[in-house]
Amino acid sequence: MEGYALVTGATSGIGLEIALNFARDGIHLILVARREEKLNEIRDRIEAQYGVKVLVLAKDLTREEAPDEIHEEVEKRGIRVDYLINNAGFGSFGRLKDTDYEKEKDLVKLNVLSLLQMNKLFIPAMVERHFGYVMNVASLAAFMPGPVMANYYASKAYVLSLSEAMHEELKEEGVKVSALCPGPVRTEFQERAEMKKTDTAKAFIMEAKKVADAGYLGLWRGKAVVIPGTFEKMVPVLTKLMPRCLVRKAAFLSQKE
Ligand SMILES: NC(=O)c1ccc[n+]([C@@H]2O[C@H](COP(=O)([O-])OP(=O)(O)OC[C@H]3O[C@@H](n4cnc5c(N)ncnc54)[C@H](OP(=O)(O)O)[C@@H]3O)[C@@H](O)[C@H]2O)c1
């Protein structure tokens with residue numbers, strides 16, 4: 001039985017580029033996202049170009065049952081998931097007092113709960129086989145509080161902390177866990193989050209392919225935390241050196257430009 005890579009949020013941006021990396025290396029794919037038509041188009045393109053098998057599962061991961069349904073479908077088909085990429089996520093822009101509660105709740109369901117569920121469902125079999133790779137997509141946002149995107153930044157701090165702890169817990173078990181922490185990336189993310197295009201974001205924006213390539217390499221190398229970009233790598237250092245009150249003020253100012 002050949003191992004598959006399961007990628008959530010594979011219809012655009014970073015997730016799609018990570019999926020393409022696996023396909024180039026001849027690894028079969030399970031692609032998860034909500035837009036079925038787009039998933040089917042991507043499947044047809046990847047199968048024709050790279051000759052790997054692609055299973056698409058159109059699921060809304062904010063539904064609590066979705067991770068179980070994905071796991072059941074994969075088990076039913078006798079597919080072995082060796083690589084799990086928890087990438088689906090979205091942001092919500094605005095002061096927390098003004099944003100829509102249902103949207104903030106969905107953000108936690110997707111960025112936090114579904115990621116936790118997917119890890120819980122797929123990792124035990126990897127541990128049994130003493131083989132597996134997991135990438136949880138966090139963000140540079142994970143290293144600081146984020147006024148005007150408070151819930152999003154908090155959700156990514158959760159993903160980073162969870163992944164680093166899992167990295168230690170699982171490294172003796174043959175399972176490598178990485179947190180990918182990009183700064184701003186040119187994807188559908190900004191529009192979906194209804195973000196303003198600040199000068200800081202414009203100056204540092206990276207292409208999704210570059211970010212995905214760095215994440216993919218870091219995953220193979222078994223790195224706990226992968227931060228694409230040179231300046232970006234300094235951010236965790238700076239946020240540790242600066243007093244926390246300045247970090248949150250700077251984060252607020254960068255959104256106000
Ligand atoms: N772009 C940035 O600046 C940036 C920076 C740091 C970290 N990140 C993180 O990178 C990850 C990927 O984001 P991206 O920038 O590539 O954004 P994107 O282009 O908007 O991609 C998000 C992906 O997630 C899927 N998705 C969204 N809601 C979903 C749901 N409820 N259920 C299942 N799939 C869902 C989307 O597909 P469907 O709409 O088809 O469901 C899409 O494939 C996210 O976790 C994001 O937080 C992004």
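**Pockets, cavities and labels**

Reply: Gladly. The lining of the second largest pocket divides into ten nonpolar, one polar and five charged residues. Here Ala, Val, Leu, Ile, Met, Phe, Trp, Tyr, Cys and Pro count as nonpolar, Asp, Glu, Lys and Arg as charged, and the others, Gly among them, as polar. This is a predicted model, where local features need pLDDT of at least 70, side-chain atom pairs count only at pLDDT 80 or more, and totals for chains, interfaces and linings use all residues. Residues are numbered from 1 along each chain as its sequence is written, and side-chain values use heavy atoms, with hydrogens and water left out.

Me: What makes something a pocket, and what is the volume of the second largest pocket?

Reply: On a 1 Å grid over the protein atoms alone, a pocket is an open set of points with protein on both sides within 12 Å along at least five of seven lines, whereas a cavity is a set of points where a 1.4 Å probe fits but cannot get out; lining residues have an atom within 4 Å of a point. Grid points are joined across faces, edges and corners, and a volume is the space filled by probe spheres set on the points. The second largest pocket has a volume of about 290 Å³. It is lined by 16 residues, of which K223, V225, V226, I227 and K233 are the closest to its centre. Two or more lining residues come from each of α5, α8 (208-220), β9 (225-226) and α9. Helices (H or I, at least four residues) and strands (E, at least two) are DSSP runs, numbered from the N terminus.

Me: How many cavities of 30 Å³ or more are there, and what lines the largest cavity?

Reply: The count is one cavity of 30 Å³ or more. The largest cavity has a volume of about 50 Å³, and its lining is made up of T8, L61, N86, N87, A88, L110, S114, L115 and M118. Helix α4 (residues 101-129) gives the largest share of that lining, four residues. By class, the lining has five nonpolar, four polar and no charged residues.

Me: How do you know that the buried residues of α9 lie on the same side?

Reply: The buried residues of α9 are E232, V235, P236 and T239. They cover an arc of only 80 degrees around the axis, which puts them on the same side of α9. The arc is that of the directions from the helix axis to the C-beta atoms. An α-helix has 3.6 residues a turn, so residues three or four places apart point the same way. The face turned away from the buried side of α9 carries the exposed residues T230, K240 and L241. The buried residues of α9 pack against α7 (199-204), β8 (206-207) and α10 (244-256).

Me: Where are the buried residues of helix α3, and what do they pack against?

Reply: In helix α3 (residues 66-76), A66, P67, I70, H71 and V74 are buried. Their arc is only 135 degrees around the axis, which puts them on the same side of α3. E72, E75 and K76 are exposed on the other side of α3. The buried residues of α3 pack against β1 (3-8), β2 (28-33), β3 (54-58), β4 (80-86) and α4.

Conventions. Buried < 20%, exposed > 50% of the residue type's maximum accessible area, 1.4 Å probe, protein only. Contact = heavy atoms within 4.5 Å.
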